Every structure is written in C-alpha cells, then in structure tokens.
Amino acid sequence: MSRFLFVTWDGGGNVGPAMEIAKEMQHRGEEVRFLGQEQQRLALERAGFDFTAYSRPRSWTAIGKRDSLKNTLGFLSLLIGRGLGRDLIADVDKTQTDLVVIDCLLFGALDAASRAGLRHVVLMHSLFDAIDQKMAGGAPGMVARIVGLRPRKLWAGAELVVAATLKELDRPPQPGSPLSLNYTGPAIPEAVETAAQPSVTNILVSLSTTYIAGQTQALQHVLDALTDLPVHAVVTTGPAIDPEELRAPANAEMHRYLPHAEVMPTVSLVIGHGGHSTTMLALAHGLPLLILPMNLMFDQEIIGHAIQKNGAGVTLASSSSPTQIRAAIEQVLADGTYRQEAMRLGAAIRATRGTQAAATLLQTQAIQVELRDT
C-alpha cells in the first residue's frame, strides 16, 4: 500500500477527474487523502477520503461573481499564493506520504513541493493546449511570473505529468520541449455508447456549475430556441443560477442538478459550455454536441473548436441568438455525420480506460519512488 495526497481546489471541472482517479486507487487498496478548500470537505469525506482544509489562502468560490475584487484576489491566492504551499509542506510533515498529486493550476503548491524536494506529479484535467494557452500563457501565468513562478518550468520539474484527456483532441508540447505528457484518457465515470435513438428526441442542456457573467442570458436563449421544437429538454442550471430566474418552455424540465452520467444514455444531443468533463462524458456516450463557450479565459473555447474541427458538433458564441441556436440544434440532429464522429471519438475515449490508466500510472510512480528511497 502506498500513501497518496491529492492537492486540489474547488474550481468545478478539475475536481471530478481527481476524485475518479482517487476512488479507483482507493478501490485498489491504496491510501488516499485530500488537501483542498473547506467547501470541498463534505463531498470528499462522503466519498470516503480523509480531508484537510487549507488554512492560509484567501477564501474563494467558483460560484462567486468574477467582477468582485475580493473573489479575484482569492482566486489568485489559490493559484500562486505561498500560503497554500506552506499548508502542503505542513501536511506532509505530519502524515507520511509517498507521492503528492498536485492540480496543474496550483502553481504555488507546485513551487513549494519542488523547493522542499517532495516527490510529486502534476494532474492535468483538460486539454494541455487550453491549459497552456489560457492559464500558463494567459493572465494567471502572467501574474505568476511577476511573483517568480514559471508554470511550464514547474510542470516540467515534476516526477511526471498525467494528462487526463484524449490525445487526439489535444496539441501536445512542441518537440524538444522539456515538458513530457503522459496521456491516460479522460478520467470520467464509466460510459457506454448510447445504443439507439429514443422515440422522443431528448436533449441535455448544461452550461456550467460555476458562475460566469452572461450565463443566465445564454441559458435563456437556449430555452427560447427549444420552444416548440419536437424535443424534450432536460436542463441543469447548477448552483450559480436559480431556475426561477428563467422562462422555461413546456418541453423543458428544469433541475439544479442531475448526474449527467445517468441522463446521457437517454439523449441524442448535449448542449454544453465546453467544459472538459461534460464534453468528454458526452463523447464517451457517442453524443454530438452544441457548444456555447461561457468562459473565454479558460479551456471552453479551445475545446469547442476541437469538437467542431473533428466534426462531432457545432460551436457558437455564447451571445448567439435563439434563432441561431435553434438552427444549430436542427443541423446537428438532422446530419448523422455529427453522431458518427462523436461515436468514433467515444470509442477512442472508452478504449483508453482513462481512470484506470491514470491510477496505474500513479501507482507505478509511487513504487519507483519507494525503490529509489530504499
């Protein structure tokens, strides 16, 4: 048995892959615990993990309004703050740990692990292309460099980098780069290809669990586009949007939350925001997508372009009108090639067995660490 510490944060789509991998490792008899934000405690302890909350970074919530200065500072404190790194070192000093698994965006924690000589790996939970461009090369990376942190150098300095995504959709580092990725496939719940089209065309609509400016209006445009279409829509709003704020047509049922893995086997199309987990799960079920990227600061736009480029769906601007959205829905449902390409990518995703592959990779790395230390 090896002892693993997952270092995470409550950013939305980054949590699911870490939990899926950790549950698989726990099932194999490994000891796994988490270090994260206090608001993650309930979900992680319910899943059977020991949990410790950060004591030093500012408070931050993914469902808080992004234009709040306090929330912005809290976000940056999580990514680049030295306090989180001190919490990590304190936790490892207190509890024996064979390998630390650190979220790729926690630059301060990665720096602390490197300086302390901790055996650690990086978990990339989306397309490398998106994380590299939007985070390392975007505003968070710029702020990190101001305080002396180099995201790409921190990734390259880890024992290994686990890329929990489908390589076919990604743009890996350039040849000669010091950064090497170990692609495992997406770490998502088990999925099977949707066997047949249901007699009633069902559509799943989900635009994000986190707060993004303009999301309520975009979701209303989707609902307006669905009005009088011969479909049945299952709509999840997430904690950031109150369903009472929306005008739902008669053919739409509204929910705050539903497990997508349970709904997808019954639908023919997923309308989403381009979040990595939702997109990969839809493809794993062989479902085409209509993507409306909500947050252009992260991975959603790049994921949307990758899906459209591969012919598995259509991507529109989040500001698209109900008429434009309706036309795209009708296009994807009528043209069987979108479903065919989604099924092809879905077969590739299921073949990777990403959760199991990532768990095996981490176990192997822990054993190598232990052998080096003996």
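This is a predicted model: local features need pLDDT of at least 70, side-chain atom pairs count only at pLDDT 80 or more; totals for chains, interfaces and linings use all residues.

Biologist: Why are H11 and H14 called roughly perpendicular to each other?

Modeller: The axes of helix H11 (residues 276-284) and helix H14 (residues 336-352) cross at roughly 100 degrees and come within 7 Å. Angles of 65 to 115 degrees count as roughly perpendicular, and H11 and H14 are therefore described in that way.

Biologist: Which residues of H11 and H14 meet?

Modeller: From H11, Met280, Leu283 and Ala284 take part; their partners in H14 are Ala342, Leu345, Gly346, Ile349 and Arg350. This contact of H11 with H14 comprises six nonpolar residues, one polar and one charged.

Biologist: What makes S10 and S13 edge strands?

Modeller: The open sheet has six strands in the order S10-S9-S8-S11-S12-S13, with parallel pairing. Strand S10 (252-255) and strand S13 (313-315) each pair on one side only, and they are the edge strands. Neighbouring strands of this sheet are turned by 15 degrees against each other on average, direction ignored.

Biologist: Which strands does helix H12 lie across, and at what angle does H12 run to S13?

Modeller: Helix H12 (residues 300-309) lies across strand S12 (289-291) and S13, and the angle to S13 is about 140 degrees. Roughly antiparallel applies over 145 degrees, so the angle of about 140 degrees to S13 counts as oblique.

Methods: Residues are numbered from 1 along each chain as its sequence is written. Side-chain values use heavy atoms; hydrogens and water are left out. Axes are lines fitted to C-alpha atoms, for helices over the stretch in contact, and angles run from 0 to 180 degrees between N-to-C directions. Helices (H or I, at least four residues) and strands (E, at least two) are DSSP runs, numbered from the N terminus. Angles under 35 degrees count as roughly parallel, over 145 as roughly antiparallel, 65 to 115 as roughly perpendicular and the rest as oblique. Contact means heavy atoms within 4.5 Å. Ala, Val, Leu, Ile, Met, Phe, Trp, Tyr, Cys and Pro count as nonpolar, Asp, Glu, Lys and Arg as charged, and the others, Gly among them, as polar. Two strands pair if DSSP finds at least two bridges between them.
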